[in-house]
Amino acid sequence: MALSAFDLYSIGIGPSSSHTVGPMRAAKTFVDGVVADGRLDRVARVQAELFGSLGATGHGHGSDKAVLLGLEGETPEGCDTGSADERVATIKSGREVRLAGRHTVAFDPDADLVMHRRKSLPTHPNGMTFRAYDDAGEVLAEHTYYSVGGGFVVDESATGADRVVQDDTRLPLYFTTGAQLLEICEREGLSVSEVMWRNERVWRTDEEIRDGMLRIWSVMAECVQNGIEHEGTLPGGLKVPRRAPALHQALTRGELREDPLRVMDWVNLFALAVNEENASGGRVVTAPTNGAAGIIPAVLHYYVRFVDGADDDAIVKFLLTAAAIGILFKENASISGAEVGCQGEVGSACAMASGALCEVLGGTPTQVENAAEIGIEHNLGLTCDPVGGLVQIPCIERNAIASVKAINAARLSLNGSGVHTVSLDKAIKTMRDTGRDMSVKYKETARGGLAVNVIEC
């Protein structure tokens, strides 16, 4: 199976790639199938059932909103984030939904959008089933999908192969493990980013690769700027205040000028800005998930702002290197908090950012692999226990902490030889095994950890 960097970086809507982006894509895919079969005009009612983590924390993650928008034909990339909430409110109050944007059917919010808090489907915790009925109540179409992390969606036929994109494209420098990637780099005399570039050429021209990566970067940068400008509190019952605007004002006014660690404050700012935008349902880049979307932008902003010689070519190298590392996690473990806990989201993103920064700072492939290993090793066992089922506490601060950790991991590796005891492959396997052993209550269900030990105000 072949994975592209553009599979890992997708422009979408917050607050969650698996709970918002995935369900929106699944709902649209279902309706598109009904349209393709010529049955749309016969549909009188649709029903969506969300299971497992989607059912347990779906309301806080915007899964219900995402499903309704997807049924109406919206995509995560094209959805107007500014009007989404109002549009969903209209659907619920009007008790009707326009399938594919053109066929209106009755909609009962209680009966037609069911969130099963304690019931799961096989294969993956993020399961959902859609049905379309005719006037007589007969089922016209039924399909089950799984949102497997990072916005990736597979249907029930992909059971057993749910972690990868179903693409059989033959890549010139195919790899699925860190050991294979290092062997290719040594044999071909290439950096990690150059290996990714050659593989990307299967799908795109050089110009398209470069422009596409820079487009991803521009959306990341815009997200940071939006997070700096938007004040107030985040949606949901926790009433979490946005901190990025005040921190930015303190930094730009010079209040922290004499602080020797002020660079760390800038990194914190970049991460907070992204994840506060994500928590509010804004436009973000999945990297590799929404819950961990602030880490790669924060570390890349650090590089661009504070390292001499940073340019567009280096930005492309950074993103391609990070994607290569992300592929290893996607292929061999998981990037889904509902499957392996937050180690699969923040941990994977930290490793991706660590290795990417190491490469653009002049690291060898072995040092890049070492940096990525350090990044994930010190996130092993990280649970996903969002308070109130919202992607806010501890998620937002966790991105800031992991961003600083990624920079330190890159520096540790650059100051070493690249020779180390634990390989990236072993660390990824450990993450997978740890996730398998982890209690389900720590996997994005809001039934353990901080989620039950913090009183919601």
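Glu-397 is partly exposed, at 44% relative accessibility. The model is predicted. In it, the side chain of Glu-397 forms a salt bridge with Arg-243, 3.0 Å from N to O. This pair links distant parts of the chain, 154 residues apart. Glu-397 sits in helix α17 (residues 395–414), while Arg-243 sits in the loop between α9 (206–229) and α10 (244–253). Arg-243 is partly exposed too, with a relative accessible area of 37%.

## Salt bridges

The model holds 20 salt bridges. Side chains of opposite charge can pair when their charged atoms come close. One of the bridges joins Arg-87 and Glu-74, with the closest N and O atoms 2.4 Å apart. Again the pair links distant parts of the chain, here 13 residues apart. Arg-87 belongs to helix α5 (residues 84–94), and Glu-74 to the loop between α4 (63–71) and α5.

How does burial divide this pair? Arg-87 is partly exposed, at 27% relative accessible area. Glu-74 has 18%. The cut-off for buried is under 20%, so Glu-74 counts as buried.

Another bridge joins the side chains of Arg-187 and Glu-188, at 3.0 Å from N to O. Arg-187 is partly exposed at 47% relative accessibility. Glu-188 is partly exposed as well, with 34%.

| Salt bridge | N to O distance |
|---|---|
| Arg-87 and Glu-74 | 2.4 Å |
| Arg-187 and Glu-188 | 3.0 Å |
| Glu-397 and Arg-243 | 3.0 Å |

## Annotated regions

UniProt, in an unreviewed entry, lists "domain: Serine dehydratase beta chain" for residues 4–157. Over that range the chain is 38% helix and 26% strand. The end C-alpha atoms are 22 Å apart.

For residues 188–451, UniProt lists "domain: Serine dehydratase-like alpha subunit", also in an unreviewed entry. Here the chain is 62% helix and 2% strand. The end C-alpha atoms are 49 Å apart.

## Strand β2 and its partners

Strand β2 covers residues 45–50. Five of its six residues are buried, so β2 is largely enclosed by the rest of the structure. Which strands pair with β2, and in what sense? Strand β6 (residues 127–133) pairs with β2 in the antiparallel sense, over six bridges. Strand β5 (residues 113–115) pairs with β2 in the parallel sense, over three bridges.

Individual partners can be named. Val-46 has Ala-132 of β6 as its bridge partner. Leu-50 stands opposite Met-115 in β5. In a regular strand the side chains alternate between the two faces of the sheet.

Asn-275 lies in helix α11 (residues 262–279). Is Asn-275 buried or exposed? Asn-275 is buried, with a relative accessible area of 2%. Its side chain reaches the backbone nitrogen of Gly-294 at 3.2 Å.

Glu-373 lies in helix α16 (residues 365–377). Glu-373 is buried, with a relative accessible area of 3%. The C-alpha atoms of Glu-373 and Leu-261 are separated by 25 Å, and the two residues are 112 apart along the chain.

## A nonpolar surface patch

Which residues make the nonpolar surface patch of about 190 Å²? Ile-393, Leu-450 and Val-454 do. Leu-450 is placed in helix α19 (residues 450–453). At 34% relative accessibility, Leu-450 counts as partly exposed.

## Backbone geometry

Two cis peptide bonds involve proline. Gly-14 and Pro-15 are joined by a cis bond, with omega about 10 degrees. Pro-15 is in the loop between β1 (10–13) and α2 (17–36). The bond from Ala-287 to Pro-288 is also cis, with omega near -5 degrees. Pro-288 is in the loop between β9 (283–286) and α12 (295–306).

Arg-95 has a phi of about 55 degrees. Arg-95 is found in the loop between α5 and β3 (96–99), and is partly exposed at 43% relative accessibility. Ala-100 likewise has a positive phi, near 55 degrees. Ala-100 lies in the loop between β3 and β4 (103–106). With a relative accessible area of 24%, Ala-100 is partly exposed.

Note on methods
Residues are numbered from 1 along each chain as its sequence is written. This is a predicted model: local features need pLDDT of at least 70, side-chain atom pairs count only at pLDDT 80 or more; totals for chains, interfaces and linings use all residues. Side-chain values use heavy atoms; hydrogens and water are left out. UniProt positions are given in the numbering used here, feature names are shortened, and annotations may be inferred rather than shown by experiment. Helices (H or I, at least four residues) and strands (E, at least two) are DSSP runs, numbered from the N terminus. Buried means under 20% relative accessible area, exposed over 50%, partly exposed in between (1.4 Å probe, protein chains only). Two strands pair if DSSP finds at least two bridges between them. Patches are made of residues with over 30% relative accessible area and no salt bridge: like charges are joined within 9 Å, nonpolar side chains (Val, Leu, Ile, Met, Phe, Trp, Tyr) within 5 Å. Accessible areas come from the Shrake-Rupley method with a 1.4 Å probe; for residues, only the protein chains shown count as cover. A salt bridge is a side-chain nitrogen of Lys or Arg within 4 Å of a carboxyl oxygen of Asp or Glu. A polar contact is a pair of N or O atoms within 3.5 Å; within protein, one must be able to donate a hydrogen and the other to accept it, and residues adjacent in sequence count only if both atoms are side-chain atoms.
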